[in-house]
Amino acid sequence: MNDDSFRVVVVGAGMSGILAGIKLRQAGYSNITIYEKAERVGGTWRENTYPGLTCDVPSHHYTYSFERNPDWTRHLPPGGEIQAYFENVTGKYDLAELIRFNTEVVDASFHQGSWRLKLSDGSDDRANVVIAATGVLHHPSVPAIKGMESFQGALFHSARWDHSIALEGKRVGVIGMGSTGVQIISALSERGIEVSHFVRNPQWIMPVENGYFSAEERAAFRADPQVLDDAMDFEGYAQAVEAYTEALTNPDSELAQSMSQACRDNLEGNVIDPALREQLRPDHQPFCKRLIFSPDYYTAIQRPNAKLVREDIEQIEPAGIRTCDGELHALDVIVLATGFRADRFMRPMTIRGRNGLDLETLWARRPVAYLAVTMPDFPNFFMLNGPNGPVGNFSLIEIAEHQWHYIAQLMERLRSGEVEAISPTGAALEEFDAARIEAAKRTIWYTGGCQSWYLDAEGIPASWPWTFSRFVEAMREPRWEYFETTGGDARC
Ligand code: NAP
């Protein structure tokens, strides 16, 4: 099969879809379409525009390895700059010509060696390979709070921020204390807006500095990439990520202990009122949930215009939120910083693999994938940042790049015509998943005894439960004995 007739479809033009587009082109694939349901690239960074939006991974480590960005202004990148970065990269690599915007893939099914796709505009497509780059934190989790529809002010999820509402002079309630709620409270409190933070379970806050890169520093990075490389110590950062992932499986490790202590010291040293301090004290160990990195939350919540509400929410009423102690908190705006349905992945897309096997059947218990990338009976279907991949306080861009390296090798066998279809064996997935679950039960996400979006419906941590280096090693080269293939013109 020549390159022109070998068709690759990528679903999603967020961070991983852009990566796939660039890498496919560089590898010489020429028949590529990226379907994007929205009108712009950017994925989660397009959807999230809330005040204070910041990535807690240092800016220069939250970039493609092959496309450094000397222009980051802050040590932690603001959401708007990240979105601009992805738009710039898309422009630089001429990806727009590959992308069909405002087009959702609604159905994919595998027939006789290729994928048939149905699109939201009613048209069809066909592809030899489908790459799902549909993101993880993508489907807002909207809690079922009684009376929500009766609220007379504005109410929206943090990932659907309504910028038509001017917040100055308004009373704003924010529900949820994940990274999102913390960032929103910090930003609004600083602006002097009256904020109430409704917190069911407080979380630990890791203190972090978020300085600026001076114009001189940025000019130096621009002039000489080596200056940037030296300043950012990529090697040192990689070691820190490795130690971080070791700490997840070994709460007694030095790093786990020192980070836990830093969180505890942050609370003790920076919340003055002892009663407020107790209200902000989590009932679980640091690390059990994804750590929140914040330079200013404790300052923000202690301002006179900010209030912490620890009483449970009874219901939402036309005038505000009533808590279980009977108090009505009068509000003009309610923000649901209540997180995402991290188990959805490509859904609501319907996907049927070999012999009509439905993805919902394979995922009836929980989303699974061999090494987080491929699934048995779904040949030539690959995922970037799919289920069970590494997730933590580090860059998902780097994860996607390693996964790409692995997927590219599987695709090479398809493009060369050596095989027509490739997928992991059922035994490969079973073996991987059993080991993953066993290891997951040793992580602090499980042993720490707290609820978080890291856990699946059965309470098992869904993320990669081993070290980062083990993931990198797994992505180096496919173990071909774990795959089955059909078709192609291989003779031996
Ligand atoms: P999240 O971590 O899942 O937090 C959701 C919050 O909403 C929790 O505090 C939860 O309380 C609360 N909540 C949910 N339903 C509720 C209800 N019915 N009543 C009261 N409270 C309720 O969500 P997130 O803050 O959006 O963050 C999700 C992930 O996005 C992060 O972990 C991170 O991976 C990513 N993120 C990253 C950054 C960054 O800086 N890189 C920034 C934002 C988001 P309970 O704990 O009691 O369940």
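Helices here are DSSP runs of H or I with at least four residues, numbered from the N terminus.

Some housekeeping: this is a predicted model, where local features need pLDDT of at least 70, side-chain atom pairs count only at pLDDT 80 or more, and totals for chains, interfaces and linings use all residues. Residues are numbered from 1 along each chain as its sequence is written, and side-chain values use heavy atoms, with hydrogens and water left out.

Back to H4. From first C-alpha to last, its 12 residues reach 17 Å, close to the 16 Å expected at 1.5 Å a residue; that expectation is 1.5 Å times one less than the number of residues. Of those 12 residues, 10 are buried, meaning under 20% relative accessible area with a 1.4 Å probe, protein chains only. Among them are Thr-180, Val-182 and Leu-188.

Now, the ligand. It is surrounded by 22 residues, each with a heavy atom within 4 Å. Thr-54, Met-177, Thr-180, Asn-201 and Trp-453 are the closest. H4, residues 179-190, gives the largest share of that shell, with 3 residues.

Where does the ligand sit relative to domain 1 and domain 2? Both domain 1 (7-139 + 341-486) and domain 2 (148-204 + 252-336) give residues to the shell, so the ligand lies between them. Those bounds come from an automatic or database domain assignment.

Finally, distances to ligand oxygen atoms: 2.9 Å from a side-chain N or O atom of Arg-200, 3.0 Å from a polar backbone atom of Asp-56. Thanks, all!

Technical notes
Polar contact = N/O pair within 3.5 Å; in protein donor to acceptor, adjacent residues only side chain to side chain. Helix = DSSP H or I, 4+ residues; strand = E, 2+ residues; numbered from the N terminus. Buried < 20%, exposed > 50% of the residue type's maximum accessible area, 1.4 Å probe, protein only.
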